[in-house]
Amino acid sequence: MFSKAYILVRMAIANIFSSLLNLFVGLVLLFGAAILVIGGSVFSTLDDAMSKSIIGSITGHLQVYGAGSKDPLEIYGRVDGSDSNLSPIDDFKSLKAQLLTIPNVKQVVPMGAATAIVSTGNTVDVTLEKLRTLYRNQADAKTALPPDEFERQSHSLEAHAINMVKVIATDLDRAKELAADAVDVRSSEAVAIAGAEKFWQTFDDDPLGHLEFLENRVAPLAADADLLFIRYLGTDLEAYQKSFDRLTVVEGTQVPPGRQGILLPRFFSEEYLKLKNARRLDKIKDARAAGRRLNDASDKELQRFVKENQSQTREIVLQLDGIATATAVKKLQTFLSTADSNLPTLLSTFFSVTDETFDARYRFFYDELAPMLSMYRVRVGDTMTLRSFGRSGSIQTAVVKVYGIVELRGLEKSPLAGANALLDIITFRELYGFLTAEKRAEQEQMKAAAAAKSISRASAEAELFGGGDSLVEEVKPEAITADVETDRPDEKRQPKAFNDDVYAVSEIDEGVVLNAAILLHDGSYGAQQKTREEIERLFTSQ
């Protein structure tokens with residue numbers, strides 16, 4: 001056997017080298033075979049890696065949605081940011097049970113995507129809310145701080161608020177210099193009142209009243225609030241974590257089972273919630289790592305980042321109270337070797353980075369200045385107010401707690417896949433306008449209490465405005481009190497506490513969804529096609 005192979009190899013070599021034409025043809029065939037094998041292997045590996053990233057992050061192997069949908073399902077949303085008009089799947093529990101009868105179906109995960117509006121508030125709002133929370137907690141014996149600690153924290157926050165008022169007053173003076181009518185008279189009056197010593201001397205006499213004045217009259221003048229759009233995916237968060245292996249919690253924790261909450265994508269948090277000066281420094285660092293240089297005048301983006309950091313230092317100045325401002329000034333004076341004591345000027349000089357100074361200033365910012373600043377508008381443990389247009393067109397609102405920051409391995413920098421927040425399915429239904437079990441029960445109670453009944457169109461006018469019934473009861477008008485009376489006078493209806501936003505796990509499958517991801521035991525292409533055909537036969541036969 002080996003002797004025959006030896007002879008065949010010798011004959012082949014002899015034929016190839018017998019003429020230059022044979023040698024050329026042999027080399028062409030060898031090169032073509034190598035390209036085919038290597039190229040095929042590379043593309044197959046890339047296709048496999050991309051498939052695993054997408055399947056293991058959000059789509060699953062297959063997706064099902066209502067046959068009556070007006071639009072096709074678009075997992076990552078439309079280019080214009082609008083949502084697909086999908087027909088709701090009213091009975092997910094039944095759908096899931098039917099799909100699990102197919103042998104290759106491993107898991108069915110409920111889903112529904114939409115877009116919400118998030119207002120992060122400005123820097124003044126954040127500080128005033130901290131001060132309001134401090135005073136409210138102090139009024140409750142369960143959360144009250146020791147007197148010394150309360151006094152320390154309240155004085156620190158009040159000093160911070162005073163510093164903010166001074167910064168806003170300076171901004172108004174500069175605006176007046178540019179145009180005499182650029183500042184409203186009421187705005188100037190509000191800042192003058194908030195900047196007077198008498199205002200802060202009487203602050204402890206009525207802290208909530210003073211805070212209301214600051215929030216309504218002064219805070220709106222610091223126009224650095226962001227109105228953001230965030231795309232969220234409502235799902236069974238526990239099943240999602242088990243089914244999609246690309247999901248990684250990089251900060252915080254998963255939302256506990258039975259709790260309403262949200263997981264923010266790291267891409268969104270870094271791009272939109274991070275302190276803008278810090279984010280620009282990060283982008284410059286990444287660009288330089290990729291070979292771009294600040295001294296390249298043709299790189300307009302990097303030049304823009306530097307100029308914006310130089311001119312937009314207001315948010316940093318507003319965040320620092322008197323003590324922190326003095327500390328920051330001293331650190332910058334030492335680092336920059338200057339005697340200038342004006343913080344905005346020092347920051348502008350500091351952010352005038354070049355290729356030679358960038359690395360040192362980047363480290364100094366994160367080592368020395370960042371610990372004194374609030375780097376993110378929303379952090380783990382905070383609450384977010386989501387406002388979304390439900391299916392009726394009216395705005396639905398939900399307050400949810402941020403439990404963690406997540407990213408999808410392989411799609412970390414994708415603006416589409418990396419920007420989807422994960423929301424519990426119960427809150428999704430509330431935002432979308434579907435009745436939850438709690439809302440349905442509340443609605444029935446309201447109907448019963450109001451003795452509501454159905455009437456025909458023909459008798460509507462007579463029922464509402466006519467009829468000769470005798471007077472049932474005459475009541476006297478009374479002033480409306482802050483407390484809402486219940487059926488029993490000894491009880492008051494208390495607002496639902498945020499920590500009570502829990503639900504029964506069984507509610508996940510019993511409600512409405514827009515679509516569902518299907519995970520398979522065998523995810524090969526052939527198995528996917530076969531399972532898809534079985535699903536189509538299952539529902540077309542009904």
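**Figure 1. The salt bridge between E270 and K274 in the predicted model.** The closest N and O atoms of E270 and K274 are 3.4 Å apart; a salt bridge is a side-chain nitrogen of Lys or Arg within 4 Å of a carboxyl oxygen of Asp or Glu. E270 is buried, with a relative accessible area of 17%, and K274 is buried at 9% (buried means under 20% relative accessible area, exposed over 50%, partly exposed in between, with a 1.4 Å probe and protein chains only). Together with D282, E270 and K274 are linked in a network of salt bridges. This is a predicted model, in which local features need pLDDT of at least 70 and side-chain atom pairs count only at pLDDT 80 or more, while totals for chains, interfaces and linings use all residues. Residues are numbered from 1 along each chain as its sequence is written, and side-chain values use heavy atoms, with hydrogens and water left out.

**Figure 2. The salt bridge between E308 and R280.** The N to O distance between these side chains is 3.0 Å. Because E308 belongs to helix α12 (residues 300-311) and R280 to helix α11 (residues 276-289), the pair ties together parts that are 28 residues apart in sequence. Helices (H or I, at least four residues) and strands (E, at least two) are DSSP runs, numbered from the N terminus. R280 is buried, with a relative accessible area of 8%.

**Figure 3. The salt bridge between R266 and E407.** The side chains of R266 and E407 meet at 3.7 Å, N to O. Distant parts of the chain are linked by this pair: R266 is in helix α10 (residues 266-273) and E407 in strand β7 (residues 395-408), 141 residues apart. R266 is partly exposed, at 38% relative accessibility. The structure holds 19 salt bridges.

**Figure 4. The largest pocket and its lining.** The space in the largest pocket is about 1500 Å³. On a 1 Å grid over the protein atoms alone, a pocket is an open set of points, where a 1.4 Å probe fits, with protein on both sides within 12 Å along at least five of seven lines; lining residues have an atom within 4 Å of a point. The lining of the largest pocket comprises 41 residues, of which D125, V126, E129, K130 and D382 are the closest to the centre. Two or more lining residues come from each of β2 (105-119), α4 (123-138), α5 (147-178), α13 (314-319) and β6 (383-389). The largest share, 9 residues, is that of α4.

How values were computed. Points joined across faces, edges and corners; volume = space filled by probe spheres on them.
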